[in-house]
Amino acid sequence: PSLRDSLAQLRSGADIDAGALTGVLRGIYPEFTDALRVASDDPDKGISALKALTASGDPFLAAESSYFLSRVLIGEERFEDALPHMERIRKEWAKSSLRAGESLYYQGVCNAHMLQRTAAADALNEFVEDYPDASPRLIGAAMDLIASIERVHRGSIDDVAPHMEFSRRKLGLEDTGEATQE
């Protein structure tokens, strides 16, 4: 069956797993399978391989590649680089992806690590409200992160610790710009 036939079968099911499309795409695109394998062994090479696939003319492959690219970038603490991919999945490829909910969750995670607390709380609250059938693990993690954002008081140790972590991460990425200095 074609990709569209396989997707139609997935969408007609009562309970679709967000990762169901991954297997279909792996079967159709060996380069996608290779990129995922490389990403698990060598993140830098995986980032390059997945980034190339995000330019695919097949929006399903482009969206799924973008999702996995963003997950690798998050794993490498490159939240600023991951965020646009999450937004693109939700906006540009909304009809070609089963990952809108997860993308919104990870968008909130990226915002939180970038010290954009209002944006993080907004994304995470939207995730919890709009995707109540998402993975209970992600719903729980979103609620925990929302609670931790809400209890931060400016100047408290709970406020200073994330700033120190932000600085550590940015210095590790050799980013000594204004945000890191602040």
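Guide: A salt bridge is a side-chain nitrogen of Lys or Arg lying within 4 Å of a carboxyl oxygen of Asp or Glu. The structure shown above is a predicted model.

Visitor: How many salt bridges does a search of the whole structure find?
Guide: The criterion is a nitrogen-to-oxygen distance within 4 Å. When the whole structure is searched for such pairs, the count of salt bridges is six.

Visitor: What is the N to O distance in the salt bridge between the side chains of R37 and D34?
Guide: R37 and D34 both belong to helix α3, three residues apart, which is about one turn of the helix. Their side chains meet in a salt bridge, with an N to O distance of 2.7 Å.

Visitor: Which residue of helix α5 pairs with R99?
Guide: R99 takes part in a salt bridge with E64, in which the closest N and O atoms are 2.9 Å apart. This pair links distant parts of the chain, 35 residues apart: R99 is in the loop between α6 and α7, and the residue in helix α5 is E64.

Visitor: Is E64 buried or exposed?
Guide: The limit for a buried residue is under 20% relative accessible area. R99, at 6%, counts as buried. E64 has a relative accessibility of 1%, so E64 counts as buried.

Visitor: Is α4 roughly parallel or antiparallel to α5?
Guide: Helix α4, residues 43-53, packs with α5 at an angle of about 155°, their axes being 8 Å apart. Angles over 145 degrees count as roughly antiparallel. The arrangement of α4 relative to α5 is therefore roughly antiparallel.

Visitor: How many nonpolar residues does the contact of α4 with α5 have?
Guide: α4 passes α5 in a left-handed crossing. On the α4 side the contact is made by P43, I47, L50, K51 and L53, and on the α5 side by L61, A62, S65, F68, L69, V72 and L73. By class, this contact has one polar residue, one charged residue, and a nonpolar count of 10.

Visitor: Is the crossing of α5 and α6 left-handed or right-handed?
Guide: The axes of α5 and α6 come within 8 Å and cross at roughly 155°. The two helices are therefore roughly antiparallel to each other. Their crossing is left-handed.

Visitor: How many charged residues does the contact of α5 with α6 have?
Guide: In α5, the residues A63, S66, Y67, L69, S70, R71, L73 and I74 meet F79, D81, A82, H85, M86 and I89 in α6. By class, the contact has nine nonpolar residues, three polar residues, and a charged count of two.

Visitor: What value is phi of E77 near?
Guide: E77 is placed in the loop between α5 (59-75) and α6 (79-91). With a relative accessibility of 26%, E77 counts as partly exposed. Its phi is positive although E77 is a residue other than glycine, and the value is near 60°.

Visitor: What value is phi of L115 near?
Guide: L115 is found in the loop between α7 (100-113) and α8 (117-130). Its relative accessible area is 22%, so L115 is partly exposed. L115, a residue other than glycine, has a positive phi near 65°.

Visitor: What distance separates the C-alpha atoms of E31 and L53?
Guide: E31 is placed in helix α3, residues 30-41. At 39% relative accessibility, E31 counts as partly exposed. E31 and L53 are 22 residues apart along the chain, and their C-alpha atoms are separated by 8.4 Å.

Note on methods: Residues are numbered from 1 along each chain as its sequence is written. This is a predicted model: local features need pLDDT of at least 70, side-chain atom pairs count only at pLDDT 80 or more; totals for chains, interfaces and linings use all residues. Side-chain values use heavy atoms; hydrogens and water are left out. Helices (H or I, at least four residues) and strands (E, at least two) are DSSP runs, numbered from the N terminus. Buried means under 20% relative accessible area, exposed over 50%, partly exposed in between (1.4 Å probe, protein chains only). Axes are lines fitted to C-alpha atoms, for helices over the stretch in contact, and angles run from 0 to 180 degrees between N-to-C directions. Angles under 35 degrees count as roughly parallel, over 145 as roughly antiparallel, 65 to 115 as roughly perpendicular and the rest as oblique. A crossing is left-handed if the near helix is turned anticlockwise from the far one by less than a right angle, and right-handed if clockwise. Contact means heavy atoms within 4.5 Å. Ala, Val, Leu, Ile, Met, Phe, Trp, Tyr, Cys and Pro count as nonpolar, Asp, Glu, Lys and Arg as charged, and the others, Gly among them, as polar.
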